[in-house]
Amino acid sequence: MVRFNGASRGRISMAALVCFKAGERIRLIYRPRIQGHHRGAHRGFTWQDYRDLLVRAHLQLGGPVVVIRDNLNVHRCSRLGEYAAEHDWLTIVQLPSYARRRTPA
């Protein structure tokens with residue numbers, strides 16, 4: 001988060017995918033979202049926003065997409081999982097809730 005003084009049009013968020021494909025350059029596919037100050041404005045990305053970003057990545061990359069995601073509540077949305085189950089080009093791998101660090105013996 002970057003704080004600054006002055007007039008603002010709202011909050012700006014960004015969702016991004018770092019894309020790796022053997023033998024090709026690494027790509028960053030992203031989507032910004034500007035939320036206004038008006039009452040009732042949704043403050044973050046919805047599962048549909050993430051779905052649309054994944055579809056865009058699929059079209060740009062021209063192949064299957066494997067997503068490794070964290071435990072943000074909207075990432076774990078059942079509707080996003082249902083969408084993935086209906087599309088064979090999309091595989092979603094969920095990271096564990098936490099990872100324990102191994103200590104040397």
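I read along the sequence first: the chain follows the pattern β-β-α-β-α-β. That gives 2 helices and 4 strands, taken as DSSP runs numbered from the N terminus (helices H or I, at least four residues; strands E, at least two).

I noted the ground rules. This is a predicted model, where local features need pLDDT of at least 70, side-chain atom pairs count only at pLDDT 80 or more, and totals for chains, interfaces and linings use all residues. Residues are numbered from 1 along each chain as its sequence is written, and side-chain values use heavy atoms, with hydrogens and water left out.

Next I looked up burial in H2, residues 78–86. Leu80, Tyr83 and Ala84 are buried (under 20% relative accessible area; exposed is over 50%, partly exposed in between; 1.4 Å probe, protein chains only). They cover an arc of only 100° around the axis, so they lie on the same side of H2. The arc is taken from the directions from the helix axis to the C-beta atoms. Ala85 and Glu86 are exposed, on the face turned away from the buried side of H2.

What do the buried residues of H2 pack against? I found helix H1 (47–61), strand E3 (65–69) and strand E4 (90–94).

Then I checked the helix pair. The axes of H1 and H2 come within 9 Å and cross at roughly 30°; axes are lines fitted to C-alpha atoms over the stretch in contact, with angles from 0 to 180 degrees between N-to-C directions. The contact (heavy atoms within 4.5 Å) is made by Trp47, Tyr50, Arg51, Leu54 and Val55 of H1 and Arg79, Leu80 and Tyr83 of H2.
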